[in-house]
Amino acid sequence: MKVLNKFTMTMDSRSANEGFARLVTSGFAAQLDPTVEELCDIKTAVSEAVTNCIVHAYSEGVGNIYIWAGIYEGGLVRIKIRDKGCGIADVKKAMEPLYSSLGGERAGLGFAVMESFCDKVTVRSTLGKGTTVTLNKRIKGKDFDC
């Protein structure tokens with residue numbers, strides 16, 4: 001499948017940047033004329049992925065979060081959120097609802113939320129090298145208009 005339009009950005013893993021990531025990615029997807037619900041889905045999924053980078057990947061300090069988004073034929077929006085943090089030891093376990101490696105007040109619902117708002121979520125991670133979360137969301141009945 002060919003990418004029709006794309007963007008990339010890098011930002012610090014600071015809580016203040018989570019809202020910015022939401023706005024940029026939803027603003028990019030807006031060119032497909034999504035419904036308000038579809039935009040909210042994208043914002044929420046991106047928010048969860050970026051928050052995971054901030055809280056888990058770089059828990060000891062600030063690192064880079066890399067975001068790439070592309071639009072494909074048929075209204076598919078693919079968003080990749082990547083870090084070069086600590087990585088996830090057991091991705092399958094981490095994706096279980098209510099599991100949190102940090103415990104405490106964390107609900108452990110980040111990946112479950114992403115999966116509920118996207119058509120497909122994939123997670124790839126290597127300990128000590130980082131994690132990439134890929135979010136796929138199809139905007140119903142829409143296509144890119146050049």
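**Exercise 1. Charges over rings**

Task: Identify which ring face K80 lies over, and at what distance from the ring centre, and do likewise for R82.

Solution: Begin with the criterion, under which a charge sits over a ring if NZ of Lys or CZ of Arg is within 6 Å of the ring centre and within 35 degrees of the ring normal. K80 lies over the face of W68, at 5.9 Å from the ring centre. R82, in turn, lies over the face of Y66, with 4.3 Å to the ring centre. The model is a predicted one, in which local features need pLDDT of at least 70 and side-chain atom pairs count only at pLDDT 80 or more, whereas totals for chains, interfaces and linings use all residues. Residues are numbered from 1 along each chain as its sequence is written, and side-chain values use heavy atoms, with hydrogens and water left out.

**Exercise 2. The aromatic pair**

Task: Find which residues form the aromatic pair, and state its geometry.

Solution: Rings of Phe, Tyr and Trp (its six-membered ring) pair if their centres lie within 6.5 Å, and planes under 30 degrees apart count as stacked, over 60 as edge-to-face and the rest as tilted. The structure holds 1 such pair. F7 and F28 form this pair, with 5.0 Å from centre to centre and 65° between the planes, which is edge-to-face. The pair links distant parts of the chain, since F7 belongs to strand β1 (residues 3-12) and F28 to helix α1 (residues 18-29), 21 residues apart; here helices (H or I, at least four residues) and strands (E, at least two) are DSSP runs, numbered from the N terminus. Finally, both F7 and F28 are buried, where buried means under 20% relative accessible area, exposed over 50%, and partly exposed in between (1.4 Å probe, protein chains only).

**Exercise 3. The sheet and its helices**

Task: Determine the strand order of the open sheet, and work out which strands stand at its edges.

Solution: Two strands pair if DSSP finds at least two bridges between them. The open sheet of 5 strands has the order β1-β2-β3-β5-β4, with antiparallel pairing. Because β1 and β4 (120-126) each have a single partner strand, they stand at the edges, and one side of each is left without a neighbour in the sheet. The twist averages 10° from one strand to the next, with axes taken as lines fitted to C-alpha atoms, for helices over the stretch in contact, and angles running from 0 to 180 degrees between N-to-C directions.

Next, take the pairings in turn. β2 and β3 are joined by 8 bridges, and A69 stands opposite I79 in β3. These two strands form a hairpin with 3 residues between them, in whose turn G74 has a positive phi of about 80°. β3 and β5 are likewise joined by 8 bridges, with R82 opposite T132 in β5, while 7 bridges join β4 to β5 (residues 130-138) and T122 stands opposite T134 in β5.

α2 lies across β1, β2, β3 and β5 and runs at about 10° to β3.

**Exercise 4. A loop residue**

Task: Is D33 buried or exposed, and where does D33 lie?

Solution: D33 lies in the loop between α1 and α2 (36-57). Because its relative accessible area is 52%, D33 counts as exposed. Its phi is near 55°, a positive value in a residue other than glycine.

How values were computed: Contact = heavy atoms within 4.5 Å.
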